[in-house]
Each structure stands twice: as C-alpha cells, then as structure tokens.
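The model is shown first.

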Amino acid sequence: KIYNKIFPSESDERDDKIFQNTIKLSWVEPKHFIPGKMNYVYDSFLPDVITNFDLLSKEKSPRKKIKCMSNIFTTISNLVKFNNEGADDIGVDDQMPILNYSLIRAKPVRINSICRFLDLYIGDLRSKVEGNQLTQLTGICERVYQITSESLLNVTEEEFQTRCTQSSYGIEEEKEEMF
C-alpha cells in the first residue's frame, strides 16, 4: 500500500526524455555499442531482457524489482560468457554496452523513477552486487538521457540526426493512425 504513496504517479522530465530517446534510437543495432565483437549470438537474450525490464516496471515490491534487475544482469552476463567461450573474467566493460543496447530495445517507460525508487530500498545490498548493478543501470539511464552521435560507434552526426528524425516521425504517424 505504501508503493502508491512513495513511487511517483506521473513520470518526470528525465523519464520522458529517456523514453523519447529510446524511441528515437529504435534503429540502433548491437554494432553501434559493442566494439569489435560483431558476431555475438543474441538468440533468446533480447526477449528475456525485455521481459525483465517489463517486470521491473510492473512489480511494486522493492525486493521483486531488485530481483528483476538482477535477472537482467544475469542474462547479460550469460550472453557475454556464451560468446566468450565461458570466460569467467567478465567485467563491467563487457556488460555496459549490451545493457545500453538492451535498455534502448526494451523502451522502459519510467526507468529513472524505478532507479530512484530502488535506491531508496537497496539498503544493505548497496555494497553488494545489487548495489553495483543499480549503479550501472543508473549510469546507462544517464547515458541514454544525454545520448549523441558520439555515443555510438561508426555513426556520423548527419546519419544520427536523420535516423532519429525518421524514427520520431514514424512514431507520430502511428499515433495519428490510431486516433
């Protein structure tokens, strides 16, 4: 019952901007984030991560939200291990580009508010793996909030602007057709 009193009922400016940027960037591919390793096998990875981002948004319990966040990172970690022949030395540098790509593909509506909510309840987990994961997720939100053509690999400013405008235009067109 306390969830509705603590979690903001409306999205804030940052939530809106992050969501709008994920829509504008719907054209991106893994190669725009992951340097060098273009041959990753993504078979069931992306649907699993998107499902966990959806659950992260829907769940009200902080414990369940933290579990969903952990599931996102476990799935990403498994993808990196699979594509690096089971290597155990997976670091943040291996996971962040994939998390960035995943967040854009998932298009979570209020991810900044979710991160702030989790920050209130992370408690003792702050100094453990979950606290590190929340820091990474918050960092990716900030990156998507401020994204530019320079944030992507092998994309010119002109291509970035053109493709973002086309993605935004396509969304507006869909809205008009719906109404």
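## Helix α2

Helices are DSSP runs of H or I with at least four residues, numbered from the N terminus.

At the start of α2, a side-chain oxygen of Asp12 comes within 3.2 Å of the backbone nitrogen of Arg14. The buried residues of the helix are Asp15, Ile18, Asn21, Thr22 and Ile23, where buried means under 20% relative accessible area (1.4 Å probe, protein chains only).

## Aromatic pairs

There are 3 aromatic pairs, counted when ring centres of Phe, Tyr or Trp (its six-membered ring) lie within 6.5 Å; planes under 30 degrees apart are stacked, over 60 edge-to-face, and the rest tilted. One of them, Trp27 with Phe160, is edge-to-face, at 6.4 Å centre to centre and 70° between planes. Trp27 is in the loop between α2 and α3 (45-58) and Phe160 in helix α8 (residues 157-178), so this pair ties together parts 133 residues apart in sequence. Trp27 and Phe160 are buried.

The ring centres of Phe33 and Tyr101 are 6.2 Å apart with planes at 55°, so that pair is tilted. Phe33 lies in the loop between α2 and α3 and Tyr101 in helix α5 (residues 92-106), 68 residues apart. Both are buried.

## Basis

The model is predicted: local features need pLDDT of at least 70, side-chain atom pairs count only at pLDDT 80 or more, and totals for chains, interfaces and linings use all residues. Residues are numbered from 1 along each chain as its sequence is written, and side-chain values use heavy atoms, leaving out hydrogens and water.

Notes
Buried means under 20% relative accessible area, exposed over 50%, partly exposed in between (1.4 Å probe, protein chains only). Helices (H or I, at least four residues) and strands (E, at least two) are DSSP runs, numbered from the N terminus. A polar contact is a pair of N or O atoms within 3.5 Å; within protein, one must be able to donate a hydrogen and the other to accept it, and residues adjacent in sequence count only if both atoms are side-chain atoms.
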